[in-house]
Amino acid sequence: MTGYTAKKAGYAIEYIALIAVVLIVWCVMAGRGTLNEIIMPAPSKVLDTVTELIGSGVLWTNLVISVVRVLKGYFIAVVLGVSLGILIGLSKHAERLSVLIIQIIKPIPPIAWIPLVILWFGIGESGKVFLIFLGSFFNILINVHDGIKQADEKYIEVSKSMETPFFKHIFRLIIPGAAPNIFTGLRIGLSSGWMCVVAAELVSSTTGLGYMIMNARQFGQTDVVIVGMLTIGIIGKLMDSLLRAVEKRAIKWNWSE
Amino acid sequence: MEHKYIEIKGLSKIFTRKKESVHALENIDFSVDRGELVCILGPSGCGKSTLLRAICGLDTEHSGDVFIDGRKVIKPEKTRGMVFQEHRLFPWLTVEENVAFALNGVDKDTKAELVQQHIDLVGLTGFEKSYPRQLSGGMAQRAGIARALVNDPELLLLDEPFGALDTFTKMAMQKELKQIRKKSNTTMIMVTHDIDEAVFLADRIIVMSPRPGSIVKVIDVDLAEPRDRNSYEFLEIRKEVFNEF
């Protein structure tokens, strides 16, 4: 084995070491009967539940429903967040007009919106999508705004000295320069939107991963709760990796090879 | 009325920083002829970059005026190319895209041709598709020069363009600048703190002193081309300049 591959193998071990320890401790404790089955089911029980939920299609159905909801809310958040972020980053008037309201609304957690959302949207799909939108929108908006505002004065001077036309200045200088921040916003926006899915599905839902978890809680099915939680975690991680890969391709000038 | 190509009249600038005011430029007067290469030489903080920015039109908050071709400078124009201390290439564009960025309202074929021509001129042939981070300091600076030249400016302003380069790259770049000048006959004003560079390149050297930034002496450099950095005449002028500091 060469030094390089040995190093790689070492890294791989480090990546999974902590997860392995947690699993082993969990297995051992379950095996010795120290765990209360209701509070913390054994790993084997969770594994059985996974197989069962996959086999019956329940997990898949709920997962797809949740993902679609998140994507809908996220899509609206991306469109509005990016365009408004660019607008308030470019226009001092728009910035002054909006900054206070953004700062006040942003810290309100989506869950606090639920009563109003039920009144406004009823218990249908749109309310849930709106909550996810709220969860992602501000993160995208703020990062895009920052990126546009932090445009490097040095590059702006170069562009000025060439008498660059306005739209070219915006689309080929300001926006590409803000691309790293825009992508950060898109990534944080997606993960925060995904985190809102449980909150969104608390709104009288009968489907989705959030519903699956809350429903299982009422029947004391801790194993289903754990499966639901882990699914949310793993899908969230996959979504982030996917966006990172897109980012790496889109702004390859920012990555050294 | 008769006028010189570039006329700088009574240019003064005061920076105010935390209630403390610094006299960056005081009563600067000089003129430049078409086709001339003038070096503005001085230690750091003597306001020479500020002066260049005023000529470019990037800084207009000063008293006194800059006239180019009899017209007062009030904003940057693409007829004046600027090369900055740092290359300032846009990192998200390749070399050719960076050079092409300077061209507006030019049709595609002409654009491609002009870009290639200027990339060849600065010796970056083969690096058209490279991103700035893949270039060495000297190569990046060349790309910056190509970008400033692609609009075929009447006047090229250079703000310590070779300041960050090693001696050998620097000398090569100075030679190249002379070649470019020969081909394009562009008027050039270059700010530098390097005496050798000024004596090697300039038709005229304007020596500046700091606080307040003002002109101490104007030295004509009457040296035959190609200039030999070790010739007696070269060293004589070098000494004359050196004695001003």
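Which side chains meet in a salt bridge at 2.5 Å, N to O? They are those of Glu157(A) and Arg53(B), where a salt bridge is a side-chain nitrogen of Lys or Arg within 4 Å of a carboxyl oxygen of Asp or Glu. Here are some notes to read beside the structure.

1. A word on the ground rules. This is a predicted model, in which local features need pLDDT of at least 70 and side-chain atom pairs count only at pLDDT 80 or more, while totals for chains, interfaces and linings use all residues. Residues are numbered from 1 along each chain as its sequence is written, chains are lettered from A and ligands numbered from 1 in the order in which they are written, and side-chain values use heavy atoms, with hydrogens and water left out.

2. The opening pair crosses between chains: Glu157(A) sits in helix H7 (residues 153-161) of chain A, and Arg53(B) in helix H1 of chain B. Helices here are DSSP runs (H or I, at least four residues), as are strands (E, at least two), numbered from the N terminus. Glu157(A) counts as buried at 10% relative accessibility; buried means under 20% relative accessible area, exposed over 50%, and partly exposed in between (1.4 Å probe, protein chains only). A network of salt bridges links Glu157(A) and Arg53(B) with Asp59(B), Glu86(B) and Arg88(B).

3. Now the interface as a whole. On the chain B side, 26 residues are in contact with 21 residues of chain A, contact being heavy atoms within 4.5 Å. The two chains bury about 2200 Å² between them, 60% of it on carbon and sulfur atoms; this is the accessible area (1.4 Å probe) lost on putting the two parts together, summed over both. In chain B, Trp92(B), Phe101(B) and Arg133(B) lose the most area to chain A, together 34% of what that side buries.

4. Between the chains there are 3 salt bridges, and 9 residue pairs are in polar contact, both at pLDDT 80 or more. A polar contact is a pair of N or O atoms within 3.5 Å; within protein, one must be able to donate a hydrogen and the other to accept it, and residues adjacent in sequence count only if both atoms are side-chain atoms. Helix H1 (48-56), strand S6 (80-83) and helix H2 (95-101) of chain B each give two or more residues to the side that touches chain A.

5. Two salt bridges within chains also deserve a look. In chain A, Arg187(A) meets Glu247(A) at 3.4 Å, N to O. Arg187(A) lies in helix H8 (residues 166-200) and Glu247(A) in helix H10 (residues 222-250), so the pair ties together parts that are 60 residues apart in sequence. Arg187(A) is buried at 17%, and Glu247(A) is buried at 8%.

6. In chain B, Lys48(B) forms a salt bridge with Glu160(B), with the closest N and O atoms 3.4 Å apart. Lys48(B) is in helix H1 and Glu160(B) in the loop between strand S7 (155-159) and helix H5 (167-184), 112 residues apart. Lys48(B) is buried, with a relative accessible area of 3%, and Glu160(B) counts as buried at 9%.

7. Finally, have a look at Arg229(B), in the loop between strand S10 (214-220) and helix H7 (232-242) of chain B. Arg229(B) is buried yet has no salt bridge, and the nearest side chain of opposite charge, Asp196(B), is 6.2 Å away (Lys and Arg count as positive and Asp and Glu as negative; His and the chain ends are not counted). The side chain of Arg229(B) does make a polar contact with that of Gln174(B), at 2.8 Å.
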